[in-house]
Each structure stands twice: as C-alpha cells, then as structure tokens.
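Please read the following briefing alongside the sequence and the model.

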Amino acid sequence: MKNISFRFALPLLFAAAAMSAKGAETQDSVTSVTFADRTYMGQTVLVPESKSLYDTKPSWWSGVRATGSIQTEFMVPMNDPALGVNIDDYPAKVLNNTYFDFTVNAPYVSAGARFQFTKWPLPGFQEAQMPGFAGWGVPYVWVTGKYKGFQLTAGDFYEQFGSGLILRTYQERALGVDGALRGGRLKVNPVKGLYFTALVGKERRFWEHTPDLIWGGDAEWSLNDTFAGSFNPRYGLTLGFSYVGKHNKKGNGELITTNIDDVSYRLNFPTTVAAFDGRINARLKDFNILAEFATKNNDPNAVNNYIYSRGHVELLSVAYAAKGFSAYVQAKRSENMAFMSDQILQTNAYINYLPAFTNTQTYTLAALYPYATDYNGEWAYQAEVRYLFKRNTPLGGKYGTNVKLSGSYIADLQRQAPLGPPATGTDGAGSEIQLTTNPALYGTDGLGSAFWKTGGLRYADVNFEISKKFSRKIQLTLFYLFQRLNYNSIFGHPTEHGNDVMVTANTFILEGQWKMAKRAQLRWEVQYLTTRQDDKDWLCGLLELSLAPHWMFTLSDNYNIGVTKEHYYTAMVTFNYRANRFGLSFARNRAGMNCSGGVCRWVPASKGFSLTYNYTF
C-alpha cells in the first residue's frame, strides 16, 4: 500500500514543482512591466501599460462540453406454449431496442442527435402491435442558438403549452411514444417573468412524420417574477395563453372519399383546425389554484367517429401545502378533444395530452387495472390528503408516521342518445360485415351532452397508504387499493374469461425495508388482489437485496390462484459502476396493458433472457 501511495504522490510532486516554477515566471514577468500613473476618482494609482495581464478571456473551445447516454436492451426469447409464445413469430433470434443520445453544449449554441436501432424490436413493439416501429437510423437531430433572451431551435424538439391540453409532444420509450416535432422553434424572454414561444413543424410517427403541418404560439407571464420587489413571496400570479393550428393534408374544402370499415364515405374535411388555451395559476400563501380552459374547432377523425362538433376541456385544481400536511382536489371535463396530426390514425398521432386523474401505481398488482383517458369525453375528479404524525406523539411514535388517502372518480358524459351496438354493412364482395363504429354519426355533430350531467361509471378507486419507521433499521408500508372499472369501455373488449362489464378489485400490499448493514438493505413485498371477475385472485411476492454501491438482486413471482394457475416470475441482477448500469434477467411476462399517465398500449406475453445496459456521460 505504501508503494502504491508513493507512485500516486510522484505526479503530484512534479505538478507542484511545475506550478511553483510557473508562478516564479509570472512574478518575474510582472516586475518587468512598465507602470504609468492613472487618476481615478481624484486619486493617482499605478497601473500596467498593458491590460492583457488582467483581461485574459477563456477561449470559445474551453466552454464546449459533450454529454450523452446509451440505453439498450437485448432479449433472447423462448417458447412457452402455455402463454402462446412461439419464437418463430419474432423477426430474429435476438431482439434489441437501442437508443444513443449525444449532445454538444457550447457558448451560444448547442446541438444533438439520437441514434436508434429497433430493427428487431422487443415484444410489444413489433409489427403486429406497432406497425412501422421497426427500423434504424437517426430520427432525431437538432441545433439551438442562444443569445441573451432569445433561443432558436431548428430540427427535432419537444414542447408543451400549459398542461398540454392543446399541445404536448414528448417521448415515452416504455410505450413506444415519440411525438417530436421537426421544424423550427423560437423562444423569447424579453423581460424577467415574460416568455414567448412560436413553433412550426410536423409530428414524428416512428420513422416517418404525420402529414398535417402544425404551428402555434404560447405566451406566459409570471407577474411576481416581473414585479419581484412589489410582490410578497407568499403570493403569485401567472397568466398563460396558447394557440395551435394544423393544416389537414386531407382537407382542401372539397368532398373527400374515405374508406372506413371497408365502406366508402364522402366527407368534407376542414382545411385548418385551430385550438386555443387560456390558464391562470395563483399562489395564495399555502394555496395554489390552477384554472385552465381549452377549445378546438371541428376536427373529424377516427377517434371521435368522424363527427364535426367543437371540442373543449375545462380543468380546475386547488392544492394546499403546510408543514406536515398537504391536500389537493381537482376536476376535469373534456369533450371531443382528440387533436390528431392524422385523421385516420388512432395511435401515436396525438398533438395534445389529457392527464388521467388517477394515481400512478408502482406496485405490480395495483397496476393490473390501469386507466386510459377517453379523449372523446369524460368527467374526472381526484383528491388526495397527506398527513405526517409528528415524532414522539401517540400515533407518530419515535420516528413519525406518514398517512396518505386519495381517490378518483371518472364517468362518461351523459349523451342525448346511446351509441348502441355496432351497425352492419357490406364489404367489397357484397358480404354483410359488422362495423366497428357507428356510421350514422359520420359527418354529423355527434351526440350532444349537458355540461354538468354525468353518464355511467368508467373508473373509480380509493387508495390508502400508511408508512412507519419502527427503528433505524426497520420500516413498513401498508397499502390498500379499491378499484371499480368498466373493463369493456376502457380496454375496448370484455374480460378474457367472460363478458363482465364492471370489474371490482381489492388489493392489499405490505412492504418492508430492513437495513441489514451500512451498505446492505433488504426490501420485500407481499401483495394480494381479489376480484370475482376476470382472472379472479392473484398473489405476488418480491425480494430485493441491495449491496451498495454496486449490486442488487431481485426475485419476484406473480401467481394467479383464481383461473389460470399460472406463475409469472422474474429473476434479475444489476451491477452499477460509476455511470454504468448492467442488468441481467430471466422473466416470464403475462399479456396486459402497459400505461403511463393515462396513455396505454397492449403488451403481449413473453419469456426469455434479457440484458440491459445504461450509460451516461
């Protein structure tokens, strides 16, 4: 060890000697400079004739920095007849999704690109589930110039206006969503607290771009930032207004023949569709209030059944936060707000985003029945209360106790008349077929609805969580979830084992954490879900051993004890070293919905070995 320390010390000694010599050279050079008398504020001082000694500026290259990240996952699939998995259905013996992002930041300018390889994509991203996703290349490239309060971007970019009710382009790799706009964007910050954005472009859909041109602008004014000296920091007011327009590629003011369900209809698509958004965000001491309204012109598309009524959404949120206590309540009413960059597509072509007023569940069984937002219309309510029982109180104990209670209620709009069962038509050969939509509504204003009235239940839940630390080493969390949902309405088909419309589920979860040593921790979960519908009851167990800072070992099993009697298990080991993260796993996955923020996609069953690697620099 001493020899090793000495070898490391030698370079330091040489470096110190070099710095001393350099300092001596600098001192000698300073003494050789001629000085002159200069008068400042009535006093005479000596200054060097040359100011270069004090005005040395770093070069432009010294401010250049490169950053990036690599995310890749390889999978070797295996046959599983019980799951209906056949490796011959996959495009290759080894499947892979790879993303490499690279960014160069420099004074006044930044540039970046993303390389993506998904030629043989992982299960759930293949042609049967996501047509057009497979491929490889550089789908994302951009350059941004910045000077004072101006920022100009050319290429691909993501943007959101307000809550995203009329514009939100984003990437969610787990869902295969990437709605980046390709075009130009200008951001201006003329004074503190005032922001303007203008943009134009086309939305990405996998390896192509949707046909409709999108443009828009946003203005946001934070009054307490602009008038900081006049505002009490406990009060604030932010105003915002947005406009988004799109040019329909299929809309030219003339009747257009569109093939829907193998039947041809002549529809007059609008040439231009405009959407507007206004919002107010106020802070009043411990309260925060957000009110937002958005509307769009008639925009017939595949999602809204090709109707011509206007769309609108109203959102109100009130939150309160104080020491040890927080709460919020929010409501949203939306109707006909599917704002699409292609009228025919039903997925991966949304310009806007409607947040789902439900909790994002992280436990496996709690996420078994996620909620997907209905862009055609819904009434949604959500509320939550959090409270911390202080230390050294009867309910708080020695370390305090955290309690959370939340709930959601989402209902359909009350329509003037029900849609009824799908109608029948004829195909190209003259045979009678069952249509997936109601052609009686094509080209009309659709079915109206009273503003305050609600229709049938779509989804409701109650979440209760209590977390308590019993000692420095032991912590327990108890979680309960009640859910009731209209399965057919949310997922578009009845349950797998029956025609039950409504599914009621109760989920009980106990999680524990045991700090075994300074760098060793064991986390475990026991989960139980019970329902009389669908696959009935489930059991889930998880063990996770963390050996900081490098290793983590995970074992889990989801077992259906109600109908299928199938096990869905995972064994995984991860290794972290500096900015590198490696993961090796073997898993048997069930088919089901994968959701994030109310956006869902169907993922097929799969089985096999997976290797993941993540790196940032």
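Buried residues are those under 20% relative accessible area, exposed ones are over 50%, and partly exposed ones lie in between (1.4 Å probe, protein chains only). This is a predicted model, in which local features need pLDDT of at least 70 and side-chain atom pairs count only at pLDDT 80 or more, while totals for chains, interfaces and linings use all residues. Residues are numbered from 1 along each chain as its sequence is written, and side-chain values use heavy atoms, with hydrogens and water left out.

**Salt bridges**

- The structure holds 25 salt bridges, each defined as a side-chain nitrogen of Lys or Arg within 4 Å of a carboxyl oxygen of Asp or Glu.
- Asp212 and Lys246 form one of them, at 3.7 Å from N to O, and both residues are buried.
- Arg279 pairs with Glu220, with the closest N and O atoms 3.2 Å apart, and also with Asp277, where the corresponding separation is 3.0 Å.
- Arg279 is buried at 9% relative accessibility and Asp277 is buried at 1%, whereas Glu220 is partly exposed at 29%.
- A network of salt bridges links Asp101, Arg114, Arg173, Asp178 and Arg204.

- Leaving aside neighbours within four places in sequence, Arg519 is in contact (heavy atoms within 4.5 Å) with Ser546, Leu547, Ala548 and Pro549.
- The C-alpha atoms of Arg519 and Pro549 are 7.3 Å apart in space, although the two residues are 30 residues apart in sequence.
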